[in-house]
Amino acid sequence: MNTSSLVQKVWNFCHTLRDDGVGYGDYLEQLTYLLFLKMAHEYAQEPYNRNTHIPAGYNWAVLRSKTGEPLEAHYLATLHKLGNGPGMLGAIFFKAQNKIQDPAKLSRLVQMIDAESWVGMEADTKGDLYEGLLQKNAEDTKSGAGQYFTPRALIQAMVACIQPEPLKTIADPACGTGGFFLSANEWLSGTGKWLKDNADWLNRPPQKLDKKQKEFLRDHTFFGNEIVPSTRRMCLMNLFLHNIGELDGEPKVDRADALIADSGKRFDYVLANPPFGKKSSMTITNEEGEEDKDALTYERQDFWETTSNKQLNFLQHIVTILKQDGKAAVVLPDNVLFEGGAGEKIRKKLLENCDVHTLLRLPTGIFYAQGVKANVLFFDAKPKDGQSHTQGTWIYDLRTNKHFTLKTKTLKLEDLRDFIACYNPENRHERQETERFKYFSYDEMIARDKASLDIFWMKDDSLDNLDDLPPPDVLQQEIIDHLEAALAAFRDVAAGLQR
């Protein structure tokens, strides 16, 4: 079966299950369990003959031999048994549940997966199929999965600016479904359609990985955290389908809150989009069974300031986990740029302790989470020698007079081409100012109220000329985004007044 036929087959079955109330997320989970079992079965055969550590009686051969209610019962027993296993096995099946209640449809799904040879399939085919399902899941607003999905064009642009090198480590302390890891893997290995389609201007340094570099890329490059079990499961499967990690190895994505403590590990690069939502909180249930959210602060010696602001905590954590010459590119909401109190102190410390060299102001309408106004902050770690390491910051405004939506005008890599050219990854110390790209010295930024980095200089053309207004659907979405952002700000104020 060719690639397009297989993809269509998987999609069609997804739609069949949706009629039974099985959403994309639930379908993805079941697909993950069954795909993993089938691929483990294939690896156990000739010519691989690998020990997959799947207990006898709970493997693919037993599962596919059953139908009807016996299949459903055995599938449940298999999920429970494997969820208590070690390594990648236990991570994939942790707290696994069967969401397909119709035994006939479960049997059809097993047969559909059994009909293909997945191990021999190209990583691009398997990866594209799974990535497509992840995107559909993100688009499904009811599932709330959009918060784990960063626009792929933005990730690719961040990777193209950072230009990760072989034999170096990459971390994402809130890795979602693994988007940053996959694009970095494609950059390092030279694979990926986006690299081939844009080879004329991306200027990826020519390199062919040797055996040692390939092994390091597969087993020792990527390290992440993801606290939501289902999202972590999808991340591990996504990486595995793209030839990252080993069937019988230990997962490099921890099921733990990265902010709780400094693990002591240090990394060459951090690429991240920490979860949206300003406050860290934990849900507490009292004796009457009523739930309340209690603000969560992290008492860490390595943090400059103690705060319940989740993004400020992630920013401090990322500074901690970078090696002395490490580089970071992090998506952060606007409040991190202008918030007073702890926010001001953290910004000043960041400008002093790191080289905060570039800020990309992102347009609205590119994230599935509503009302998000965000930026990408690029900075390099520097020695703790008492010197102020930021000489100045270059800011690129991709927000003013730029209009995007998630459906009719999506953000493409081409839309970030000018930014990447201005960033000048080959030599970022040789940059030129343009209409959208301006330089602000350290003294200028520190002199601003609260050391705010929330800087704009371009004029909104639509304010003067009604003919320049974006199309109605884009305008409508921008109004919604602005109102959502304002509502989120009011909620933060109200929450602060209640404490």
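Modeller: Happy to! One term first: two strands pair if DSSP finds at least two bridges between them. With that in hand, look at β1 (residues 170-172) and β2 (residues 222-225), which run parallel and are joined by three bridges. Within this pair, A171 stands opposite F223 of β2.

Both strands belong to an open sheet of nine strands with mixed pairing, in the order β3-β2-β1-β4-β7-β9-β8-β10-β11. At its edges are β3 (253-254) and β11 (437-441), each of which pairs on one side only.

Please keep in mind that this is a predicted model. The mean pLDDT of the protein chain is 87, and 89% of its residues reach 70 or more. One stretch to read with care is residues 281-294, where pLDDT stays under 50. For that stretch the model has 18 contacts beyond four places in sequence.

At the start of α14, a side-chain oxygen of N309 comes to within 3.0 Å of the backbone nitrogen of Q311.

Is α14 enclosed or open to the outside? Buried here means under 20% relative accessible area. By that cut-off 12 of the 12 residues of α14 are buried, so the helix is largely enclosed by the rest of the structure. Among them are K310, Q311, N313 and H317, along with L312, F314, L315 and I318.

In α4 the buried residues are L71, E72, H74, Y75, T78, L79, L82 and G83. Their cover includes α2 (24-44), α3 (60-64), α5 (87-92) and α6 (103-114).

Finally, step back to the whole chain. The protein chain has 19 helices and 11 strands, and 52% of its 499 residues count as buried. Of the contacts between residues at least 6 apart in sequence, 75% join residues at least 24 apart. The chain exposes about 23,100 Å², with carbon and sulfur atoms supplying 48% of that area.

Terms used
Residues are numbered from 1 along each chain as its sequence is written. This is a predicted model: local features need pLDDT of at least 70, side-chain atom pairs count only at pLDDT 80 or more; totals for chains, interfaces and linings use all residues. Side-chain values use heavy atoms; hydrogens and water are left out. Buried means under 20% relative accessible area, exposed over 50%, partly exposed in between (1.4 Å probe, protein chains only). Helices (H or I, at least four residues) and strands (E, at least two) are DSSP runs, numbered from the N terminus. A polar contact is a pair of N or O atoms within 3.5 Å; within protein, one must be able to donate a hydrogen and the other to accept it, and residues adjacent in sequence count only if both atoms are side-chain atoms. pLDDT is the predictor's confidence in each residue, from 0 to 100. Contact means heavy atoms within 4.5 Å. Accessible areas come from the Shrake-Rupley method with a 1.4 Å probe; for residues, only the protein chains shown count as cover.
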